[in-house]
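Reader: Could you walk me through the charged pairs in this one? I'd like the cut-offs spelled out as we go.

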Amino acid sequence: MDIKGRRHADEHGSAIAWVESPLQLLCVIEAHHAGLLGAVTRVVPRAGLPALRLTRRALSSLDLPAGLTFEEPAGRMPKPGRTWAVGDAFSGRVQFALVTANPGRTVLVDDGLATIHLLELLSQRRPLLRARVKAGIGRAVLGATAGFRLRGNRLTVFTALPVPDDLAHAVRNTGTRLVRHDFAWLRSQPCEQPPSERTVVLGTSLVRNGLIHRDYYLDWLQSIGEPLGYYPHRREDPRDLERIAGIPGVNVHEAGVPVEITLRDLQPHQQVLSLPSTAVTSLRVLLSARGVSVETVKVPDDWWTDAAPPDLRTHLQLFAHDDAGDPAVHDDAPGSALDPGSVDPGATPESVDPGATPDPGSVDPGATPDPGSVDPGATPDPGKVPS
């Protein structure tokens, strides 16, 4: 952490962070490391979430930033302090706390692609409601009041996602501080042994959520025809994983810990394939300097089911390329952004030089038998886009 970041932390005193997902937990650590929270940050995980427990165990073996402590998981959200860090600003409990406790400073960390939807609502001064969810009057009033409080609470949004230039400008015009980061703390940590397979495929929850056809997805995995390291999404159906594990050459790894942690030591001769998702963006940030190719696959039209509305499909495909955001969006705060570039959508994975800095783009699985990929994206909550 630089001196400026530590000065920010000392001025903020102590902070309380409420985390409900592995990504939120990782990003809270990064925010503390960047000096955006406090000299002391207490992290309270939500109880009853196995993925959070596994992630906390994995992180505890690393060199955590000074002043950051994990508290015991809790079923109730702690009262916000002088500085409050949360990830899901669409949560009713979070919004109720904003309205009743009114913390002095709020830092929002990434909670999947829903972060972009949140930025859109904040910039448009609209109620904070999940996408594609019909809310009653009471819920709409709560969302509107919570949005008003957020914009007035010296709000900072801490994200690794590519934010489109016009959206970033609109968000800053509300008085919100937008800080891009590149997982500086995680990149500084000792690395684990990477998987031995050349190609890594990220799992997806799109099948279980009924958004893409199961058979098309499984047939595509089988058609790849080379050894694969398959990292399941934590919400994948165990029955689907059994079928995937039965495909010759596919090694299904344990699920639970974020792929940002488990795959951070991939080598230049390896590649990651995935559908558009937050994991794609964060892995590009983590692995681009190592020369690892992180590619996305455009979902063919016939893969989608009737349950996937056009706006959801468009939103997901937006993040197939990493050219949607301004690589310099960071205001005056610690943090930076990387610009991995883009890949020719017509190229196959073999056409990408593994020794070069990866240019993530998209691969059409209908145009080549080589892996495209699918990612830990969608969530059973219809109001949240894949994370």
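Charged pairs

Author: R214 has a relative accessible area of 31% and is therefore partly exposed, a class lying between buried, under 20%, and exposed, over 50% (1.4 Å probe, protein chains only). This is a predicted model, where local features need pLDDT of at least 70, side-chain atom pairs count only at pLDDT 80 or more, and totals for chains, interfaces and linings use all residues. Residues are numbered from 1 along each chain as its sequence is written, and side-chain values use heavy atoms, leaving out hydrogens and water.

Reader: Which residue forms a salt bridge with R214?

Author: D240 does, with the closest N and O atoms 2.6 Å apart; a salt bridge here is a side-chain nitrogen of Lys or Arg within 4 Å of a carboxyl oxygen of Asp or Glu. D240 sits in helix α10 and R214 in helix α9, 26 residues apart, helices being DSSP runs of H or I with at least four residues and strands runs of E with at least two, numbered from the N terminus.

Reader: And D240, buried or exposed?

Author: D240 counts as buried because its relative accessibility is 8%.

Reader: How many salt bridges does the structure hold?

Author: It holds 11, among them one between the side chains of E71 and R42 at 2.7 Å, N to O. E71 lies in the loop between β3 and β4, while R42 belongs to strand β2.

Reader: Which residues are linked in a network of salt bridges?

Author: E20, R46 and R93 are linked that way.
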